[in-house]
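Reader: I am new to this structure. Please take me through some of its labels and show what stands behind each one.

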Protein chains: 2
Amino acid sequence: MTIPDDALTILRTRSLSGVLEREIEKAILGGEIPPGKRVNENHLAIRFGTSRGPVREALRALEGLGLVELVPNRGVFIRQPAVEEAIEIYDVRTVLFGLAGKLLAERVSEAEVARLRDYLEQMEAAARHRDFDRYYPLNLAFHEFIIDACGNGTLAAQYRGLVKKLHLFRARSLVQGGGLEVSNSEHREMVEAIAARDPERAQCAHSDHVARAKARLLAAYRKAEAPPSRLTS
Amino acid sequence: MTIPDDALTILRTRSLSGVLEREIEKAILGGEIPPGKRVNENHLAIRFGTSRGPVREALRALEGLGLVELVPNRGVFIRQPAVEEAIEIYDVRTVLFGLAGKLLAERVSEAEVARLRDYLEQMEAAARHRDFDRYYPLNLAFHEFIIDACGNGTLAAQYRGLVKKLHLFRARSLVQGGGLEVSNSEHREMVEAIAARDPERAQCAHSDHVARAKARLLAAYRKAEAPPSRLTS
DNA sequence: AAATTGCAAACTGTTGACAGTTTTCCATTA
DNA sequence: TAATGGAAAACTGTCAACAGTTTGCAATTT
């Protein structure tokens with residue numbers, strides 16, 4: 001690359017269609033426009049006070065991220081991942097997060113280890129008090145930190161894209177309630193492996209963590225799907 | 001997804017900006033527009049007989065694929081990955097291809113095993129005759145087949161995106177010459193592991209294959225970079 | 001009453017034009 | 001001759017309008 005990443009990000013944000021891309025993405029991920037629904041170019045253009053050109057450009061960019069689907073002459077629709085796709089995403093996330101753990105274990109600094117331990121402590125405190133509102137953002141930041149600190153920007157970009165897509169999966173919310181302590185014991189093993197600078201162990205700990213999250217999601221999903229009609233199963 | 005993938009692909013290709021996206025991508029990956037160079041929207045519009053609108057949409061889509069870079073008020077530039085990024089990509093490819101091998105080993109059919117063995121045989125024949133022109137497309141098809149047959153479309157999409165990005169790495173050509181037999185013994189182990197329906201072994205064989213390809217590329221790169229000025233190293 | 005056909009409104013796809021910025025080139029000056 | 005400054009050309013960013021398609025509605029028919 002000729003241009004540094006951060007400078008580029010700033011510049012991209014300044015461009016109109018760049019801003020639109022982020023705003024529309026926010027509207028989609030925030031659930032303002034529900035999955036499956038058609039997006040109206042005109043409404044968006046009016047809402048943001050621009051013409052339809054930049055809106056269309058932004059939507060084409062979001063298509064590349066897999067958040068919307070373009071159907072010729074009918075418009076763009078918010079994507080609605082089926083369970084099968086959610087499983088696919090979790091499988092890919094599993095190996096990506098495993099790689100992040102491995103790479104981080106190879107290069108982690110003392111300061112970063114301290115930071116990880118701090119996250120862990122705060123999460124454990126929140127879990128003990130069953131304070132989910134505090135736990136959730138901490139959990140998010142903890143994972144983000146690992147993805148960023150591993151030093152592989154390509155991995156980070158891909159991982160973030162997958163997480164965004166998962167936000168469109170309707171059953172995602174199912175898993176949020178359960179397993180605060182379970183999840184945290186996995187976090188502890190991850191941090192220990194990183195602190196020990198053991199890449200292989202870290203890779204296992206990290207990929208296992210996501211694999212178990214997948215299992216928890218699927219269990220919750222099947223539980224929510226099956227009971228209404230037991231005869232069909 | 002509400003709409004089947006293949007139908008959507010056909011429809012997308014019919015839309016003008018969809019066609020443009022593919023054509024421009026072809027021009028970029030074919031080396032017609034060299035990395036680092038600016039793309040002229042007007043020239044492209046004239047060349048394809050359209051206005052600039054669809055061209056801009058296509059370019060925004062290509063930005064999402066990581067093939068071009070948008071710089072406000074200056075235009076889009078063909079990306080030029082540095083060695084560091086190539087390494088990042090190889091590391092991600094390593095785990096993705098490993099996952100493909102694992103998934104394939106879990107679900108492979110007899111017909112698919114036969115097809116893999118066929119590829120292997122043809123590649124070995126080509127390698128014995130040092131017929132690189134025959135070996136290269138076979139090698140490509142072999143890898144494509146594995147990626148497709150593993151049954152994870154998300155993985156396939158991500159993997160293909162990474163391979164496209166690698167095409168923009170100038171030193172990519174360095175590695176093409178060497179290691180036909182070496183590479184093929186790795187292929188044999190991959191196929192054997194899949195045929196044995198051993199997911200773990202297949203995962204190792206597949207990720208090792210890419211990891212070794214990375215090592216070969218880096219070795220060739222350092223060899224090509226270092227000698228001209230030994231004092232600077 | 002249900003289904004069907006035709007019309008009108010809404011929306012997408014594309015275009016050409018205009019405003020603002022960047023780049024290039026040439027004339028001027030040290 | 002090299003450097004500098006400025007004007008013109010080129011190009012990007014954005015917009016408004018038009019053509020073609022889809023969708024929704026109402027009248028008509030069975």
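Reader: What makes Glu41(A), Arg52(A), Arg56(A) and Glu57(B) a network?
Author: Salt bridges link these four residues. A salt bridge is a side-chain nitrogen of Lys or Arg within 4 Å of a carboxyl oxygen of Asp or Glu. This is a predicted model: local features need pLDDT of at least 70, side-chain atom pairs count only at pLDDT 80 or more, and totals for chains, interfaces and linings use all residues. Side-chain values use heavy atoms, without hydrogens and water; residues are numbered from 1 along each chain as its sequence is written, while chains are lettered from A and ligands numbered from 1 in the order in which they are written.

Reader: Why is the pair of Glu57(B) and Arg56(A) called a salt bridge?
Author: Their closest N and O atoms are 2.7 Å apart. The limit is 4 Å, so the pair counts.

Reader: Is Glu57(B) buried or exposed?
Author: Buried, at 8% relative accessibility. Buried means under 20% relative accessible area, exposed over 50%, partly exposed in between (1.4 Å probe, protein chains only). Arg56(A) has 31%, so Arg56(A) is partly exposed.

Reader: What makes Tyr119(A) and Phe142(A) an edge-to-face pair?
Author: Their rings lie 6.2 Å centre to centre, with 70 degrees between the planes. Rings of Phe, Tyr and Trp (its six-membered ring) pair if their centres lie within 6.5 Å; planes under 30 degrees apart count as stacked, over 60 as edge-to-face and the rest as tilted. Tyr119(A) lies in helix α6 (residues 110-128) and Phe142(A) in helix α7 (residues 132-149), so the pair ties together parts 23 residues apart in sequence. Phe142(A) is buried, at 0% relative accessibility.

Reader: How do you know that β1(B) and β3(B) pair?
Author: Two bridges join β1(B) to β3 (residues 75-78) of chain B. Strands pair if DSSP finds at least two bridges between them, so these strands qualify. They run antiparallel. In β3(B), Phe77(B) is the bridge partner of Arg38(B).

Notes. Helices (H or I, at least four residues) and strands (E, at least two) are DSSP runs, numbered from the N terminus.
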